[in-house]
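Me: I am new to reading protein models. Could you walk me through one, feature by feature?

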Amino acid sequence: MIPRFKPDIGWAEFKALFCLNRGAVEKFEKEFAQTFQAVDAVAFPYGRSAQWAFLNAVGVKGSEIIMPAYTCSVVAHAVSLSDNTPRFIDINLDDYNMNLDEVEAAINKNTRAIIATHTFGYPQDLDRLEAMVQRAEARHGHKIWLMQDCCHAFGAEWKGRMIGTSGDVAVYAFNISKVITSIFGGMLTFQDQALANKVRAWRDAHYKPANWLKAIQRRLYLLAVYVAFNEKIYGLTWWLQEKTPLLNRFTKAYHLDDQIHFPPDYLDKMLDVEAAVGLKQLKKYPRIIQCRRDKARYYDQNLPRHEGWVFPPIVEGATYSHYTVRVPDRAEVIQDYAKKGVHLGELIQYSIADLECYSKLNSSCPLAHETCLSTVNFSVTVK
Ligand SMILES: Cc1ncc(COP(=O)(O)O)c(C=O)c1O
């Protein structure tokens, strides 16, 4: 069966699992910063932990943080767990990004940060976003932090400039479903060395080295992932995931969508072995991105145009973390493709504004709601 995604891992990454890898985290930070055109980069155990740490390090508390309703729920959890309140913004149906008219209207005197996600690898309009933040800072007389969420969009470009290279900070995540993986892990990148130093110092004061057991578990996890995502075995993985609770410990526990919750190890530093895998993946990154762009173009030209299907745009500079089609009857389409040996994803299958744990905010994001019920993702990773 063709998996809905497949991490591009092989001998290079396996070799990294069995080396000492001393100093790999610092090396990964340095090479990551170079690759993604930043002055510096600071590593974390998860992307959400990086977002949480940034808000704490710069002292954003008790404020409203603008973010899309249609993104990974853990972003909202990072906002809430740092004692802030998410302000959910609806999306555009053409590229799934946050609607910037609504962002502008939502900025108020309590807004201290905006998290701008480049959803599914589609670049946000950075010119408009940056001008909007500048105007709002002048109007309200205080800093409004701009965090670009690049977790779906490694290396995407807006009008020829790489996303994440402006604003105050950019965040990247490296779990196995991301463009490149470091098993788990996250990274913040900065254009301002003083700010990077401040966040690194905060991390070093609050995060502790992970223990040896976790280092072993991470190695075993990557080996298991390699086996589980092999096309010859994936039918069994799919069956175990769909029909039994056996894999929940490895999959669902990491994403408790409707609970404001972080994994217990969110204050561990990134492991050297994770960084060593990340370093190997960085070398493959141009090829991985090219594969995604080629796949998106292939689907655009070759998928059957069934009635009611809405195809995603092919956009200059996009890197397609997902190829997302809206369909009238998602369950039926997923079942039909499963019978043909193709697993379609259903990301993102919720609007955060609708989740019970955020119901007291009474947010209404109708387009995010409509979208989350109808999306299927075609794999952009299998060659
Ligand atoms: C858009 C986006 N932002 C942030 C994150 C957080 O990353 P992590 O799962 O490493 O905490 C994710 C994770 O899946 C994501 O998709």
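Me: Let me start with a strand. In β9, which residue is the bridge partner of Val 169?

Reply: First, a caution: this is a predicted model. Now the bridge. Val 169 has Phe 190 as its partner in β9. Val 169 belongs to strand β8, residues 169-173. Strands β8 and β9 run antiparallel and are joined by five bridges.

Me: Which other strand pairs with β9, and in what sense?

Reply: Strand β1, residues 40-44, pairs with β9 in the antiparallel sense. Five bridges link β1 and β9. Take one of them: Ala 43 has Met 187 as its partner in β9.

Me: How do I read the two faces of a strand?

Reply: Start with the general idea. In a regular strand, side chains alternate between the two faces of the sheet. Now the case here. Gly 186, Leu 188 and Phe 190 point one way from β9. Met 187 and Thr 189 point the other way.

Me: Are the residues of β9 buried or exposed?

Reply: Buried, on both sides. The cut-off is 20 or more other C-beta atoms within 10 Å of a residue's own. Five of the five residues of β9 are buried, so the strand is largely enclosed by the rest of the structure.

Me: Which strand is joined to β11, and by how many bridges?

Reply: Strand β10, residues 323-326, is joined to β11 by four bridges. The two run antiparallel. Within this pair, Arg 326 stands opposite Thr 375.

Me: Now helices. What is the general idea?

Reply: An α-helix has 3.6 residues a turn, so residues three or four places apart point the same way. Now look at α3, residues 47-57. Ten of its eleven residues are buried. Among them are Gly 47, Arg 48, Trp 52 and Phe 54. After α3 comes Gly 59, with a positive phi near 80 degrees.

Me: What surrounds the ligand?

Reply: A shell of 14 residues. The closest are Gly 47, Arg 48, Cys 72, Cys 151 and Ala 173. Helices α3 and α4 (73-81) each give two or more residues to this shell. By class, the shell has six nonpolar, six polar and two charged residues.

Me: How is the chain divided into domains?

Reply: The domain assignment gives two. Domain 1 covers 11-206, and domain 2 covers 212-263 + 282-378. Their C-alpha centres lie 21 Å apart.

Me: How many residues of each domain are in contact with the other?

Reply: 39 residues of domain 1 are in contact with 38 of domain 2. On the domain 1 side, α1, α2, α3, α4 and β6 each give two or more residues. Helix α4 gives the most, with six. That side divides into 23 nonpolar, nine polar and seven charged residues.

Me: Last, the whole chain. How many helices and strands does it have?

Reply: Twelve helices and eleven strands. The radius of gyration is 20 Å, close to the 21 Å that the globule rule gives for 383 residues, so the chain is as compact as a globular protein of that length. Of those 383 residues, 43% count as buried. The C-alpha trace spans about 60 × 55 × 40 Å along its principal axes.

Terms used. Residues are numbered from 1 along each chain as its sequence is written. This is a predicted model: local features need pLDDT of at least 70, side-chain atom pairs count only at pLDDT 80 or more; totals for chains, interfaces and linings use all residues. A residue is near a molecule or strand if its C-beta atom, placed from the backbone, lies within 6 Å of it. Ala, Val, Leu, Ile, Met, Phe, Trp, Tyr, Cys and Pro count as nonpolar, Asp, Glu, Lys and Arg as charged, and the others, Gly among them, as polar. A residue is buried if 20 or more other C-beta atoms lie within 10 Å of its own, exposed if 12 or fewer, and partly exposed in between; C-beta atoms are placed from the backbone. Two strands pair if DSSP finds at least two bridges between them. Domain bounds come from an automatic or database domain assignment. Two residues are in contact if their C-beta atoms, placed from the backbone, lie within 7 Å. The radius of gyration is taken over C-alpha atoms; the globule rule is 2.2 Å times the number of residues to the power 0.38.
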